[in-house]
Amino acid sequence: MSIMNRFKRVIAFSLVAVTGFGVAGSANQILASTIPLEISSQVENSTGRKNVNIIKLDNNSAIYTYEENGKSYKVIESITDNFDYVSSKIYVLNNSGDYILDSTIITEVKNGIITVSTTKNGNTVVEKSNLTSSFTSNMSRKESNIQEYSLEYPYEDLTSWEFSGTFKGSDRIKKYTLLAVTAVIANIVNGLGGGILSSSAVTAVSTVAGAIISDDIPVIYYTQDVYYKYIKDMPTKLPRAEKTITVFYSDKDRTDKIEKVTNEYYASGYEPR
């Protein structure tokens, strides 16, 4: 079963469990060894979304309904395997009991930029937010260097994990759909470096996405520690692996923890063996 397959199946299970029983946050304060730079966000009111009901969730698509502001909606959407493009159609229930198209939303997550294009009544509104501002200004990210490299240096010649930096970020997810939330969380967790999610990260990401949708969380906050493994005895440090430890919160003070997600990504040919 592919990573995407497992991801969708786990999300389906988590959303059913979360919708039925809720996700309890626990108090936790991250103590960083460096002073992180935070992408500021103004706390917004809840989305008003409630009674989320998952009808279908498979490899690359989802169908679900919810209520908001006294109206009933149905969402039909799809996502690419690498979590960078989500197509969503939002339908509203009319007085005749039929769902009619209300809006179309395209969500793209590429190079740390989230682009949400919403088309309604013939008008398209494009909104962008940046996931990478704190990366570039707070520490030197090396994701561009984690790529295929001559296997002249085997895995055994890599260093142990070396701490690179800590940063804090936040993102408004008030207008995001289920799979758009999934895409954003996945891209945060994998360090925005093009890596894939490990099996354990898949499970944890599904918990975060499920909590956001079912608990109607309008803004997520996260703190991430980043580590690298380098090729030993090289004059220039060449990172061959990245590990991110990301803790997600539902409040700006970071006392209401949703989940901690750890992900490791190795360049091709340098995976542990």
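**View 1. Asn69 is an exposed loop residue.** Asn69 has a relative accessibility of 71%, so it counts as exposed. The cut-off for that label is over 50%. This is a predicted model. Find Asn69 in the loop between β2 (61-68) and β3 (71-79). Now check its backbone. Phi of Asn69 is near 55°. That is a positive value, and Asn69 is not a glycine.

**View 2. Phe83 is a buried loop residue.** Phe83 sits in the loop between β3 and β4 (85-93). Is Phe83 buried or exposed? Its relative accessibility is 7%, so Phe83 counts as buried. Buried means under 20%. Phi of Phe83 is near 60°. Here again the value is positive in a residue other than glycine.

**View 3. Ser103 is a buried strand residue.** Ser103 belongs to strand β5, which covers residues 99-110. The relative accessible area of Ser103 is 8%, so this residue is buried.

**View 4. Ser103 and its contacts.**

**View 5. Ser103 and Asn121 as a pair.** Along the sequence, Ser103 and Asn121 are 18 residues apart. In space, their C-alpha atoms are 7.5 Å apart.

Terms used. Residues numbered from 1 in each chain as written. Predicted model: local features only at pLDDT ≥ 70, side-chain atom pairs only at ≥ 80, totals over all residues. Heavy atoms only, no water. Helix = DSSP H or I, 4+ residues; strand = E, 2+ residues; numbered from the N terminus. Buried < 20%, exposed > 50% of the residue type's maximum accessible area, 1.4 Å probe, protein only. Contact = heavy atoms within 4.5 Å. Lists of a residue's contacts leave out its neighbours within four places in sequence.
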